[in-house]
Protein chains: 2
Amino acid sequence: MPVNQKIKVAVDGVVFGYTSKDGLLILLIKRDVTPFKGDWALPGGLVLDEESLEDAIYRELKEETGVQINYLEQLYSFGKPGRDPRNRVVSITYYGLVKPDGLMLNAGTDAGDARWFNVKNMPELAFDHRDIVSVALKRLQSKIVYEPIGFELLDEKFPFSELEKLYMAVLDRPIDRRNFKKKVSKFGFLIETNEKQALETAGRPGNLFCFDQEKYFQLKKDGINFEI
Amino acid sequence: MPVNQKIKVAVDGVVFGYTSKDGLLILLIKRDVTPFKGDWALPGGLVLDEESLEDAIYRELKEETGVQINYLEQLYSFGKPGRDPRNRVVSITYYGLVKPDGLMLNAGTDAGDARWFNVKNMPELAFDHRDIVSVALKRLQSKIVYEPIGFELLDEKFPFSELEKLYMAVLDRPIDRRNFKKKVSKFGFLIETNEKQALETAGRPGNLFCFDQEKYFQLKKDGINFEI
């Protein structure tokens with residue numbers, strides 16, 4: 001066992017946000033330390049000797065952005081020599097999707113600022129963080145084909161068009177709306193309420209929908225086959 | 001940046017093998033060093049300072065088992081404090097599926113022996129390697145639902161029943177054979193040849209099949225929705 005291994009272990013988090021107004025967002029911090037001082041980057045940092053990888057990512061997110069997030073999934077580990085100019089650093093990355101409304105951003109420790117950016121309008125990122133974001137986006141896009149999403153992101157009651165918008169924002173392309181509605185109905189994770197949408201423009205108001213939570217989480221566990 | 005981080009970085013490999021005679025196999029080594037000396041474990045070891053994570057896993061597999069494997073995918077990173085009694089070790093794990101025929105096993109370095117075991121008949125494993133195998137098996141089972149498998153594992157020409165057997169071995173359950181055949185035909189990644197199977201028992205010999213490689217790799221890239 002080479003006792004003098006010089007590799008460090010870090011965690012980085014790709015936190016996606018979604019609002020129907022702003023679309024798909026990503027949480028970035030402005031680095032307040034060298035290297036890449038002043039550049040935008042994913043929140044993250046070195047793992048402490050005694051903490052689990054999961055505890056490390058939640059701690060870093062809280063320290064650098066002020067947000068407390070309860071659920072992230074492990075994404076991929078990035079370890080190419082040279083990806084950090086200081087030391088060899090292997091980063092174990094995590095990703096997740098949250099509702100930014102009500103999350104107060106509050107930069108701290110190594111971060112001078114913390115902000116949401118639209119994924120289509122990100123600044124240059126430090127290190128290989130742009131690659132990490134690409135992998136996370138691909139994972140998210142492939143995931144929504146075999147798991148329902150939306151419960152954590154939409155209001156309790158929402159017009160059906162909001163779910164369509166969410167899928168289009170994540171997939172970054174138009175969807176076949178008729179087919180989409182048929183498939184969603186078939187899976188049965190939505191309940192149509194009798195309440196009508198309050199319309200800001202003229203037109204026939206549609207009914208509002210809500211999630212059938214039991215069905216939703218069962219399907220999340222079992223998986224679906226959702227070609228859109 | 002806590003310069004004195006004491007965490008080490010290792011790689012471990014879950015190499016599944018498949019033969020129609022032996023079913024789904026896993027490649028294990030017998031540890032020749034403490035801790036867990038004499039116990040079976042996944043091949044793997046610490047990453048060298050200058051090598052990539054991928055180079056590290058291929059090197060460890062070659063050193064400890066003698067096999068040269070060209071393609072493994074990253075599985076998951078395991079980093080719970082205490083998983084290794086010596087140091088805090090984060091293991092970045094890889095998995096893949098190979099054809100064991102013709103692979104000569106040849107234990108070396110930290111391994112006193114290297115052998116294939118049926119996944120349903122594994123010995124006790126060192127560290128948290130049993131958990132790693134469980135995660136790899138689940139990943140493999142979920143993967144074959146959205147990607148074709150078999151090209152690297154079956155003979156160039158094979159009776160259709162061989163593909164069924166492979167899916168049943170990986171899924172560890174019976175499949176609806178009529179439905180399976182219909183779905184496979186629909187995806188079109190198999191070509192039915194005019195050659196007949198040489199039968200060892202009485203009965204009507206079926207035609208042999210081979211993979212339409214172009215279609216196969218296109219579907220592997222694009223993904224399928226293969227409820228079996």
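Which residue forms a salt bridge with K120(A), and how far apart are the closest N and O atoms? Keep that question in mind while you look around; point 4 comes back to it. Here are some notes to read with the model open.

1. **What you are looking at.** This is a predicted model, with a chain A and a chain B that superpose with an RMSD of 0.0 Å. Two copies of a chain are related by a rotation about an axis and a shift along it. Here the rotation is 180° and the shift along the axis is 0.0 Å, which is the relation of a two-fold axis. To find that axis on screen, go to N225(B): its C-alpha is the nearest to the axis in chain B, at 2.9 Å. The same surface serves both copies, since 100% of the contact residues of chain B recur in chain A.

2. **How the two chains meet.** The size of an interface is often given as the accessible area lost when the parts come together. For chain B and chain A that figure is about 2,900 Å², with 53% of it on carbon and sulfur atoms. Each chain brings 33 residues to the contact. How many salt bridges are counted between chain B and chain A? The count is zero. Polar contacts are another matter: 15 residue pairs are found between the chains, with both residues at pLDDT 80 or more.

3. **Which parts of chain B take part.** Four elements each supply at least two of its residues: β1 (8–19), α1 (53–65), β5 (73–78) and β6 (89–98). The largest share comes from β5(B), with four residues.

4. **Two domains within chain A.** Now stay inside one chain. Chain A is divided into domain 1, covering 8–143, and domain 2, covering 158–222. Their centres, taken over C-alpha atoms, are 29 Å apart. Six residues from domain 1 and seven from domain 2 make up the contact. Together the two domains of chain A bury about 680 Å², 61% of it on carbon and sulfur atoms. On the domain 1 side, Y18(A), S20(A) and Q141(A) supply 62% of the area buried against domain 2, more than any other three residues. Back to the opening question: the partner of K120(A) is D172(A), and their closest N and O atoms are 2.7 Å apart.

5. Side chains of opposite charge can pair when their charged atoms come close. Over all chains, the whole structure has 30 salt bridges. One to look up is R83(A) with D128(A), at 2.7 Å from N to O. R83(A) sits in the loop between β5 (73–78) and β6 (89–98) of chain A, and D128(A) in the loop between β7 (111–118) and α2 (129–143), so the pair ties together parts that are 45 residues apart in sequence.

6. **Backbone details to check by eye.** Most residues other than glycine have a negative phi, and most peptide bonds are trans. Where does P35(A) lie? Its place is in the loop between β2 (23–31) and β3 (40–41) of chain A, and the peptide bond from T34(A) to P35(A) is cis, with omega near -10°. In chain B, T34(B) and P35(B) are also joined by a cis peptide bond, with omega about -10°. P35(B) is found in the loop between β2 (23–31) and β3 (40–41) of chain B. Returning to chain A, F36(A) lies in the loop between β2 and β3. The phi of F36(A) is near 60°, a positive value in a residue other than glycine.

Definitions and conventions: Residues are numbered from 1 along each chain as its sequence is written. Chains are lettered from A and ligands numbered from 1 in the order in which they are written. This is a predicted model: local features need pLDDT of at least 70, side-chain atom pairs count only at pLDDT 80 or more; totals for chains, interfaces and linings use all residues. Side-chain values use heavy atoms; hydrogens and water are left out. Copies are superposed by least squares on the C-alpha atoms of residues with pLDDT of at least 70 in both. Contact means heavy atoms within 4.5 Å. Domain bounds come from an automatic or database domain assignment. Buried area is the accessible area (1.4 Å probe) that two parts lose on being put together, summed over both. A salt bridge is a side-chain nitrogen of Lys or Arg within 4 Å of a carboxyl oxygen of Asp or Glu. A polar contact is a pair of N or O atoms within 3.5 Å; within protein, one must be able to donate a hydrogen and the other to accept it, and residues adjacent in sequence count only if both atoms are side-chain atoms.
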